[in-house]
Structure formats: C-alpha cells, structure tokens
Amino acid sequence: MTITSSRPEAERLTQRGGDAVSAARGHLDRIHAAGAGATRESVLEPLNDLSIVLANAASESSLMAEVHPDGAVRESAEAVVRDIAQLRTMLDQDRALYDALGAIDLAALDPIARRVVELERRDMRRAGVEIADADRERVRRLRDELVVIEQEFARNIRDDVREVALAPEALTGLPDDFIAAHPAGSDGKVRITTNYPDYIPFMTYARDSAARRELMTVNYRRAVPRNVEVLKQMLAKRHELAGLLGHATWADYISEDKMTGSAGEIRRFIEQARGATLESAKTEVQDLLAAKGAEEPSVDGKLGLWDLPYYTERVKNERYGFDSRELRPYFEYGAVRQAVLDLFGELFALTFTPVEMKLWHPSVETFEVAVDGRPMGLISLDMHPRDGKFKHAACFTLRYGVGGRQRPHVVLVCNFPDPNSQAGPALMQHSEVETFFHEFGHLVHGVVAGDIPWMRVVRPNEWDFIEAPSQFLEEWVSDLGVLRRFARHVETGEVIPEALVARLRAARAFGRATFVQRQLWLSAVALQLHDRDPRDIDSTRLAYELAREYLPAEPPPDTAFEASFGHLEGYTALYYTYMWSLVIAKDLHSAFTSGLLDATQARRYRDLILAPGGTKPAAELVRDFLGRPYGFEAFRAWLAPEPMEAPARQKPGGG
C-alpha cells in the first residue's frame, strides 16, 4: 500500500489500513488450513475476526474521506477504502472459503450463527463465486473500477459549493437572524450558498421568485459537467457487472436481497405510493397555484420546483395562521442538541456522558452512552458545515459494536447552523430539527445493536428497511409534549406556546402529497437509470421526462441535478428506500396508543426493532413489535388525513 502523503496523520491512516489487510489475510489463512474439518471454531469464528478487522479499517476510512479537513488525509482514506474493497471482492470469490462455510454442520449451530453462514454464502454467490474463472476475474476488475468511480462522484459533489450574489432586497421575507448573518459585501451584494443553512431557509421564505430560481439553478448545476460523465461510466459498469452475475439489469441485481426482492416490485411500489398521493396532490396544487397567482399575477399558471417550499409555506400561513419563521427562535441549536440527548435518554433508557476525545475537528463532540446503566459505546456529533466536508446529513460508523469484542462508535455528520460562525444565535428550521431527530435515531440504532457477536448481522440485512427506525422518530418533533420540554424562545425564555404548536400540527399535513411525489420522482430516476441498458440513456433527459410524469412543478431548465444526486453513489437504484421505510414507520406509530412519550412502548421498540440488528429478517422484527405484518393503510391515511380546523393565531406572549 503506497503512502500518499508525508503528513503523519495521513501516514498513520494508511498504515492502519495496511495492517488491517495483513491481519485479514492471516485470518483467511487460518480458514484455508481447516481443510475438511470445517466447524464454527475453525471457519466461522476466524471469518468473524476477518470481518471485524476489515470493517474497522473501512468504516474509519470511509468517514475520514467525508469529514477530515485535510485533503491529504481524505485522499489517503479513499486509497484505504479502495484497497479494502479489492480484498473484499477477492474474499467474496474465494471458493475455498465458500466450500468451507458449506461444510459446516448447520444443525450444530445456534439460529443466529446459522443465519450468518447462510447470508455469507448467499453474498458470495451474488459476488460470483460460482461463475467461470474469466467472468469472475472481470467481476473483480469491475468492482475495483466502480469503487474509484463512485469515490470521484461523491468527491465532486462534496467539493462543489456554489453561491449566488444578490441585491440585499432579495432577502425580503427571510427571518431577521438570517438577514443579519448575511450582510452585503463591498460590492453591495449578499452571498447565498448551496450549503443547507443558507439554501433551505432561502427557498422557504425568499419572496423573490427569480432569486429562488437562480439559487436552485446553481444548486442543480453542482458537479456539472464532470459528474454527468462519471455517472455514465458508473451506470455502464454496474450494468455489465449485473449481467456477469446473471441479472438482466443492475436494478434486478441490487434489489434481489432487499425487502422488495425485485426491480418489478420496486416499480409496483412506486406506482402504488404515487396512486395514494393523487387526490391530495391535486388539491394541494390548486391551492399552490392560487397562492402564486395572488402574489405573481402575471404568471403562466405553472409551478416551478423553486416555488414549492415557498408557496407551501404561504398556504400554511393563510389557511392555518402558521408561519414557520415563528418557530425558529424556539430552536436554538444548543438547546435542540441537549433536548435530543435528554429525550432519547428518557425514552430508550440511555445515558449520555460527555468525554474528551481528540478527533478530526475540534468542533466534534463525543459522548459515552450507557444503556440501562451499562456502558455500551460512543457517539460523536460533527454538526456544522465546513470546506471539504460531506454536504448533507447522515450517520456514519467509526467502529461497529461486536458483542464481547468491541463497543460501537457511531458518528452523526450534519450541516446545521454553527453557533461559532455567526454573531447571533444559531437558529434552526423545524425541518432541520426533524432531520436531527431522524439521524439521531440511526445513532441509537448503531449503539443498542452493539451486543451482537457476529459482524455479518450487526446491521439490518435489508437496506430498504434501514430508514424506517429513523423516520419513525420524526413524528416526535411535532408533538406538544415533546416540544414543551425544550422549545424556549431564545430571547425571552418563554416556552413554545400551545397555540403555535396547534397551528403547526394543523398545517403540517399540507404539502405532504407533493413532497411524496418529489420523493417518488427521485425514486423513479434512481430506478430507471438502472433498470435498462444504459448505453442509450441520456440521464438529464430522463430526469426531466420523469419530472413531467411525477412532479406537479417544473425543475429549472438547463441543469443536470443528477450530477449532484449523491444517493446514486451509495443507494444506486434504491432511493425508493425512503418511501418504503416511511410506510413501515407510519405503521410502527400505531403501537403508541398512549402517546409518543410512552416509555414502555419506546423500550419495546428499542429491544424488538433496534437491538436485534440483522439477526432476523426486517419483516420479522416489525411483526415482533406490532404483533402482525406491517401494512400500507397507515401511510395512506397519513397522506389523506381528516381536515383539521385552523386554530386561532394567538397574540405574542400568549400560551
């Protein structure tokens, strides 16, 4: 392994990667030496050792590639990821390992160990262990090439932050704290970037339609034109790989081991979910057009995608007396962070104790986590934007928990307003608080599942279930009992008024259908880029064609949003995961008949949904918790709720 930087930190990361590869090869030699005596002790346990070593190095390097402020370290991290991916491909195609696993007497194993053997052998078949030698070698090369291409795709997005220069009056409608944080420069212009703390409030509140369109346009041009070409290469190699592994398309291959089981089932689900939106979306669009017509009388009767957040906000204001700007003073970042720790601690019997730990950036906070009083692992919070950092919100694993071997260390990476980079308080959108709850749910999942002894099943096996346990927790952010615990006005200290929460709850259903339609558009784009021979695909044209089919609004012209659609690198064809998981999440709520703060049900959820990781199929986990299979009706009802009467707007100071 070649050291790519003379900097000590990059060198140490590279060395740890090399040590992991060497240790993994040593464990593989032990398995090969087992010969005919294949047992749990001679094969399965060394394979677990091997998996832990590689997972530790790969997870650390994958995280460093996205968050480390030093470009040389990010470069070294990407090299380690590539080296480990190459070794994993070789391991997945190791016929001696495959045969040794097959020779283990399954009857002598406990159910979880037996599941590990079955999943490992299935993974190896899917990696081509049984195909001809020449095809297996081609699979290996394609996988190696894909790692490089996918890293470039992600890097190009991460490194391309754009901005627009606007007249100060373009900030009309933005909250006062936002305006104060964006003074005009020497040229008299204010700069608004595509980073989330700028982009989300601007698209929600800026009255200037042309400015909103301009900002969305530059956002949809990030990583263009390079990533359009990189995506083309990515699709071609995935399609060839799927063919070598016996599948017609990449979508068929990648869905085979998911809850859906096939590309056809993904298509069916997308259409089922779309059908559930049609009635509500028709009404929402009429209301949005009416709101736009009242404010922009000369418009052509169409909505732009840049109009949806703004006019959704306007309709909520006019119909329900709800203005989400009123919420911002109640969501100061530090208070929200503490509230998340307190609430999750109470619901799931967790204790978070701050610890000093020097990590990749001084802003990162770390906490020791105890479950039912027993030390279980660590979490770290990397929460604010900076150059070279991952641009969205996600949960990463620095170290997986393996029962009896090592404790988990899970990391939340977000881009929320930074209290240390602005003069006033760092106020959050309600949607950002919702994102915080969602992503923190992933952290909790990673910690409480840290007692599982087998690396292969520490996470849910089906990727399309992975978002359900976090989407489940988004509901808490609109609950009066939850909000009254922490949401206090940043200046007055006043607890959030009950009437304001009532208006939030009355207004929150508006825009759901159009939101889901946008998610289904993204799902359809991801699927249709991967469910056919990509040679004739024009990715930009496909995205626009699907926009006309799925969206009630037009994307900005002359853009190529798919170039910065980061999920195409990791989720590939599986973006539908978010909506599939949401269907399950809405059904999980039905168990909380005594309210969302029911600690008894929350701990049942912790123990039956989160703690088992991947030791059971996802559908079984849900059935264990609900006492029945999950269904679609809760999601359908969520999309078309009973109309709520708009509560009266209270005067300031009430509540």
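**Chatting through a predicted model**

Student: Hey, where is T572 found?
Tutor: T572 sits in the loop between α21 and α22 (577–588). Keep in mind that this is a predicted model.

Student: What's the phi of T572?
Tutor: Phi of T572 is near 50 degrees, which is a positive value in a residue other than glycine.

Student: And is T572 buried or exposed?
Tutor: T572 is buried, because its relative accessibility is 5% and the cut-off for buried is under 20%.

Student: Which other residue has a positive phi although it is not a glycine?
Tutor: One of them is D558, with a phi of about 60 degrees. D558 is in a loop too, between α20 (539–550) and α21 (567–570).

Student: Is D558 buried or exposed?
Tutor: D558 is exposed: its relative accessible area is 65%.

Student: OK, new topic. How many helices and strands does the chain have?
Tutor: There are 25 helices and seven strands in the chain.

Student: What share of the residues count as buried?
Tutor: 58% of the 655 residues do. The chain's accessible surface comes to about 26,000 Å², with 50% of that belonging to carbon and sulfur atoms.

Student: What about contacts between residues at least 6 apart in sequence?
Tutor: Of those contacts, 74% join residues at least 24 apart.

Student: Let's look inside. Which residues touch the most other members of the largest nonpolar core?
Tutor: That core has 158 residues, and F436, F440, W476 and W521 touch the most other members. A second, separate core has 40 residues, among them A57, L97, A449 and V458. In soluble globular proteins, nonpolar side chains tend to be buried together.

Student: Back to F440, what does it touch?
Tutor: Leaving out residues up to four places away in sequence, F440 touches V340, L341, F344, F352, I379, L381 and L412.

Student: Are Y310 and Y311 buried or exposed?
Tutor: Y310 is buried at 3% relative accessibility, and Y311 is buried with a relative accessible area of 0%.

Student: Which charged ends sit over rings?
Tutor: The charged end of R121 is over the ring of Y98, 4.0 Å from its centre. The charged end of R274 is over the ring of Y550, 4.9 Å from its centre.

Student: Where's the cis peptide bond between V224 and its partner?
Tutor: It joins V224 and P225, with omega about 5 degrees. P225 is in the loop between α9 (209–219) and α10 (226–244).

Student: Last one: where does Y253 lie?
Tutor: Y253 lies in helix α11 (residues 250–255). Y253 is buried, with a relative accessible area of 6%. Not counting residues up to four places away in sequence, Y253 touches R126, R143, A242, L245 and H247.

Conventions: Residues are numbered from 1 along each chain as its sequence is written. This is a predicted model: local features need pLDDT of at least 70, side-chain atom pairs count only at pLDDT 80 or more; totals for chains, interfaces and linings use all residues. Side-chain values use heavy atoms; hydrogens and water are left out. Buried means under 20% relative accessible area, exposed over 50%, partly exposed in between (1.4 Å probe, protein chains only). A charge sits over a ring if NZ of Lys or CZ of Arg is within 6 Å of the ring centre and within 35 degrees of the ring normal. Helices (H or I, at least four residues) and strands (E, at least two) are DSSP runs, numbered from the N terminus. Contact means heavy atoms within 4.5 Å. Accessible areas come from the Shrake-Rupley method with a 1.4 Å probe; for residues, only the protein chains shown count as cover. A nonpolar core is a set of buried Ala, Val, Leu, Ile, Met, Phe, Trp, Tyr and Cys residues joined through side-chain atoms within 4.5 Å.
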